[in-house]
Amino acid sequence: MLKEKNCDASRVFRASRVFPNDFNNHNTLFGGRLLSDMDQVASISAAKHSRCECVTVSTDAVEFLKPIHPTDYVCFESFVIWTGNSSMEVCIKVHAENLRTGEKRLTSIAFFTFVALNENGKPTKVPKIIPETKEEHYLFERAQQRADLRTAKKSLNAEMITYLKKETETEPEANS
C-alpha cells in the first residue's frame, strides 16, 4: 500500500526573468511560452509526488488573468491537489512582480493532469493526497467536478476526431 502524501510534499517554486524573444507583438509574454514553463514545473510536482516518470495527459482551465511585461520576473508555484489511481491533478499558479515598482500580481492559473508510468511505460498507482490548508481543501473538494468535466470533454473530443478523420479521408485531393 502506498503511503499518502500531503500537497506540500509536491510543491515546486521556480522564478525566472523574461527576455525580449519571449514577447509577442503586444509586448507581453507569449501564452505558449508560459504554457511550456507551466508544464515543466507541474511535471516536477507530479514526479515528486509519484516518484515515477510522468506524462501530461491534459491541460485544463488555463486562465491568463493579467499580462506579463518586460519589466517583470515570473514566479511559478505548482503542487498536486488530487489523485486518482495513476493520475494526478496539479495546480499551477503564476505570479509576476514588476522589478522596478515591486508590484506583485497573480497572472495565470491552470490545472494539468499527469499519469505516472512504471519502468515499462505503463500507468502505475500513485499515493493518495492529503490536503491540509484551506486552499488545498478548496481545490481538492472541486477536483472530482473537474475530473468529470474532463471525462465529458474527452468523449466529445473523441466524437469530433472520428468525424474529422472521416471527413479528411473523403475530401478530394487539392490540385497542385
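## A walk through the fold

A cavity here is a set of points, on a 1 Å grid over the protein atoms alone, where a 1.4 Å probe fits but cannot get out. Rolling a probe the size of a water molecule over the atoms shows where empty space is left. The largest cavity holds about 50 Å³ of space, a volume being the space filled by probe spheres set on the points, which are joined across faces, edges and corners. Its lining is made by S16, R17, V18, D22, L29, R33, D37, V74 and F76, where a lining residue has an atom within 4 Å of a point. The elements giving two or more residues to that lining are β2, α1 and β4.

Before going on, keep in mind that this is a predicted model, in which local features need pLDDT of at least 70, side-chain atom pairs count only at pLDDT 80 or more, and totals for chains, interfaces and linings use all residues. Residues are numbered from 1 along each chain as its sequence is written, and side-chain values use heavy atoms, leaving out hydrogens and water.

Now for the sheet. Helices (H or I, at least four residues) and strands (E, at least two) are DSSP runs, numbered from the N terminus. Five strands make an open sheet in the order β2-β4-β5-β6-β3, with antiparallel pairing; two strands pair if DSSP finds at least two bridges between them. At the edges sit β2 (12-17) and β3 (53-64), each pairing on one side only. Neighbouring strands are turned by 25° against each other on average, direction ignored. For angles, axes are lines fitted to C-alpha atoms, for helices over the stretch in contact, and values run from 0 to 180 degrees between N-to-C directions. Strands of a sheet pair through backbone hydrogen bonds, either parallel or antiparallel. Take β5 (residues 87-98) and β6 (residues 104-117): they pair in the antiparallel sense over eleven bridges, and K93 has I109 in β6 as its bridge partner.

Which helices go with this sheet? Helix α1 (residues 31-50) packs on it, touching β2, β3, β4 (72-83), β5 and β6, and its direction makes about 50° with that of β6. Touching means contact, with heavy atoms within 4.5 Å. Helix α2 (residues 134-170) lies across β3, β4, β5 and β6, running at about 75° to β4.

Zoom in on H49, which has its place in helix α1. H49 counts as buried because its relative accessibility is 1%; buried means under 20% relative accessible area, exposed over 50%, and partly exposed in between (1.4 Å probe, protein chains only). Leaving aside neighbours within four places in sequence, H49 is in contact with residues including K5, V80, M88 and P127. The backbone oxygen of P127 lies 2.7 Å from a polar atom of the H49 side chain.

R51, in the loop between α1 and β3, has a positive phi of about 55° although it is not a glycine, and R51 is exposed at 62% relative accessible area. A61, in strand β3, is also not a glycine and has a positive phi near 50°; A61 is partly exposed, at 41%.

Finally, look at the largest pocket, with about 250 Å³ of space. A pocket is an open set of points with protein on both sides within 12 Å along at least five of seven lines. Among its lining residues are V57, D60, T113, R150 and K154. The largest share of the lining, six residues, comes from α2.

Definitions and conventions: A polar contact is a pair of N or O atoms within 3.5 Å; within protein, one must be able to donate a hydrogen and the other to accept it, and residues adjacent in sequence count only if both atoms are side-chain atoms.
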